[in-house]
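This report is meant for a reader who is meeting the structure for the first time. Please look over the sequence and the model shown here before reading on.

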Amino acid sequence: MESATPSRALKSDVVLALRGQRSDRPAIDPFLAGGLRSWLEDDLSKCAESLSPETPFVLTPRSTTSQALVAVPTMLALARGALVSVLAAQRIALGEVRHPMDDALSALEADPYQHDVVEAIHALDQDAFAQLAAEVSAHDDVLRRHLSLVPTTWFPRSNVKLTAPLAGGRLLLTARVNVVLGTPSQSVASVCFLDLTTSLLDDQVLRRLGVLSLIETLRSGAPPLRVASLSTATGDVAMLEVTDDVLAEAVTDVVTAAHQRGEQS
Amino acid sequence: MKIRYPASTLPRAQAVTDLIVTPAPPLERLDPDLRRVLASRLAALAPARHLGAVRLDSYTVIHAHDQVTEPPVLFSWSPQTTKRILGLASAQRVVAGISANPTSAVRAEIADVVARAHDHPTRPGALGSWLCEAPFGVLGAVTSEAVAYATDLLFSCAWDRLGDDAFVGRADPIWAVPGAPWVALRGRRDATILLDAEEQTRAIVALRAGRPTASSVTDLSHVALVEGMTHPDLPLPTRVVGIWPATGKTICLEVSKEATQRAARSVVDALQTMRKQGAQRHAA
């Protein structure tokens with residue numbers, strides 16, 4: 001993927017880099033999404049025969065690009081991820097964070113779906129809690145560097161869920177994106193995604209971003225302009241210009257993963 | 001039953017708007033006989049009043065027959081439960097030209113709700129009271145959820161094309177059953193578009209989470225039925241357009257007498273099941 005911006009190249013202004021110059025945005029091929037969908041439907045037809053729309057097979061960018069089944073992260077890692085995710089949403093929504101751990105924890109406490117995570121955080125002893133709070137604060141420093149000046153005119157929104165049902169809903173490609181920018185694409189690509197991770201960027205990150213782009217293309221009918229992943233642990237950024245090649249590679253990844261998972265289950 | 005889909009052209013919002021405003025002959029009003037029969041059946045099936053209020057919206061009707069394994073969760077305010085109220089009010093601000101974008105609209109809306117609660121103290125369970133006491137982090141989550149909802153709605157149609165004919169974020173219509181007013185039908189819809197002011201024909205837009213399923217047509221039919229029940233003097237809505245932003249899908253139900261009859265039957269079946277389940281829980 002030659003179009004990828006090398007990791008570590010963008011220590012700041014990831015949002016500016018994502019948006020780029022308006023004049024440089026590529027035109028949209030209105031038939032691309034339909035073509036990609038047909039390709040997927042054809043290649044997945046055999047695999048989908050054994051599936052039912054009531055119990056669909058779900059693939060995420062992570063599960064699509066991992067060779068083995070994705071390991072379940074520890075509760076502490078989940079808690080850190082959840083805390084950093086709400087801080088990113090808060091920075092986008094309000095433009096500031098006052099006390100990283102307090103703000104993030106109160107937001108999680110107000111979310112009934114995060115009950116288990118909140119319980120686990122409250123069960124930490126004083127030292128472990130202080131360590132987690134310090135880590136969250138360090139991750140928030142990275143967020144502050146990158147997300148403090150996002151204009152509201154770019155229509156920023158957080159934790160956006162994307163789903164592309166395939167094979168009559170028997171297979172679902174799903175993703176949740178931390179930050180989405182831009183209005184729906186009309187004649188040129190304009191939507192940008194920023195995915196956050198509290199761990200290090202691994203060598204599969206660009207393939208994951210490719211699958212994310214594919215899901216958006218199938219969902220909205222237009223590919224995103226650029227997608228990026230930001231590690232809040234290191235501040236490293238991986239950015240991908242979405243091209244036809246990227247999407248074609250993502251189709252192959254999805255088909256391969258669906259067949260592999262189908263054989264395993 | 002007639003289902004239509006938008007053209008698969010870009011931009012999607014224009015294609016959905018084309019679908020919404022397609023001319024169609026005006027429908028009749030909701031059949032008065034259906035109205036009478038439904039009122040009578042629901043009053044007869046109403047669970048005892050002391051078991052609590054029953055709000056029959058599409059979700060409740062569709063899931064009434066599901067096996068209940070956990071006790072019902074009591075309502076409380078959260079970023080998830082505020083997102084539609086605040087998101088709709090904010091989308092209304094943007095469509096009316098009061099705010100420039102969803103983020104500034106949601107911030108203004110929250111500030112207004114909080115100011116109103118300060119100036120005119122409301123009951124402790126009211127949204128304003130809750131927001132007044134909410135920590136900064138919770139306000140962040142509330143704003144974020146509401147912005148996402150408002151953005152989805154604003155991007156779903158070409159509102160500038162619809163102009164003054166679009167009414168975004170009006171309160172959901174609720175029809176209380178005569179004789180058993182603790183049972184009520186509610187039509188969850190996000191916007192109404194006036195198609196012909198003289199004929200009073202209109203299209204309804206309903207935003208939905210997740211993806212369309214086999215029960216989505218029942219959902220849209222229910223919205224049409226409640227619209228007919230709450231506006232007996234107007235023709236039935238011409239169409240109900242369901243939009244699922246997460247999947248980018250749109251389904252348009254062209255409303256017919258059969259669709260409202262089917263929806264009425266679903267409501268009766270759902271209440272019958274709920275009554276049985278309520279009685280079993282009470283006995284246990």
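This is a predicted model: local features need pLDDT of at least 70, side-chain atom pairs count only at pLDDT 80 or more; totals for chains, interfaces and linings use all residues.

## Salt bridges across the model

Over all chains, the count of salt bridges comes to 20.

In chain A, the side chains of A:Arg226 and A:Glu241 meet in a salt bridge, with 2.8 Å from N to O. Because A:Arg226 belongs to strand 6 (residues 226–231) of chain A and A:Glu241 to strand 7 (residues 237–241) of chain A, the pair ties together parts that are 15 residues apart in sequence. A:Arg226 counts as buried because its relative accessibility is 8%, whereas A:Glu241, at 31% relative accessibility, counts as partly exposed.

## A helix-to-helix pair in chain B

In chain B, a salt bridge of 2.6 Å, N to O, joins the side chains of B:Arg93 and B:Asp112. B:Arg93 lies in helix 4 of chain B and B:Asp112 in helix 5 of chain B, so this pair ties together parts that are 19 residues apart in sequence. With a relative accessibility of 13%, B:Arg93 counts as buried, while B:Asp112 counts as partly exposed at 34%.

B:Arg186 is partly exposed, with a relative accessible area of 23%, whereas B:Asp172 is buried, with 12%. Through shared partners, salt bridges join B:Arg84, B:Asp172, B:Arg186 and B:Asp190 into one network. Within this network, B:Arg84 forms a salt bridge with B:Asp172, and the closest N and O atoms of that pair are 2.9 Å apart.

## The two domains of chain B

The domain assignment divides chain B into domain 1 (2–68 + 162–283) and domain 2 (79–156), and the C-alpha centres of these two domains lie 25 Å apart. Their contact takes twelve residues from domain 1 of chain B and ten residues from domain 2 of chain B. The area buried between the two domains is about 1000 Å², of which carbon and sulfur atoms give 59%. B:Val168, B:Asp190 and B:Leu207 supply 48% of the area that domain 1 of chain B buries against domain 2 of chain B, more than any other three residues.

Two salt bridges are found across this interface, together with five residue pairs in polar contact. On the side of domain 1 of chain B that touches domain 2 of chain B, the residues divide into six nonpolar, one polar and five charged.

## Where chain B meets chain A

The contact between the chains takes 29 residues from chain B and 41 residues from chain A. Chain B and chain A bury about 2700 Å² between them, with 63% of it on carbon and sulfur atoms. B:Leu10, B:Phe136 and B:Phe155 supply 24% of the area that chain B buries against chain A, more than any other three residues.

Between chain B and chain A there are zero salt bridges, but five residue pairs are in polar contact. Helix 4 (79–95), helix 5 (102–119) and helix 7 (136–156) of chain B each supply at least two residues of the side that touches chain A, and helix 7 gives the most, with twelve residues. By class, this side of chain B has 14 nonpolar, eleven polar and four charged residues.

Methods:
Residues are numbered from 1 along each chain as its sequence is written. Chains are lettered from A and ligands numbered from 1 in the order in which they are written. Side-chain values use heavy atoms; hydrogens and water are left out. Contact means heavy atoms within 4.5 Å. Buried area is the accessible area (1.4 Å probe) that two parts lose on being put together, summed over both. A salt bridge is a side-chain nitrogen of Lys or Arg within 4 Å of a carboxyl oxygen of Asp or Glu. A polar contact is a pair of N or O atoms within 3.5 Å; within protein, one must be able to donate a hydrogen and the other to accept it, and residues adjacent in sequence count only if both atoms are side-chain atoms. Helices (H or I, at least four residues) and strands (E, at least two) are DSSP runs, numbered from the N terminus. Ala, Val, Leu, Ile, Met, Phe, Trp, Tyr, Cys and Pro count as nonpolar, Asp, Glu, Lys and Arg as charged, and the others, Gly among them, as polar. Domain bounds come from an automatic or database domain assignment. Buried means under 20% relative accessible area, exposed over 50%, partly exposed in between (1.4 Å probe, protein chains only).
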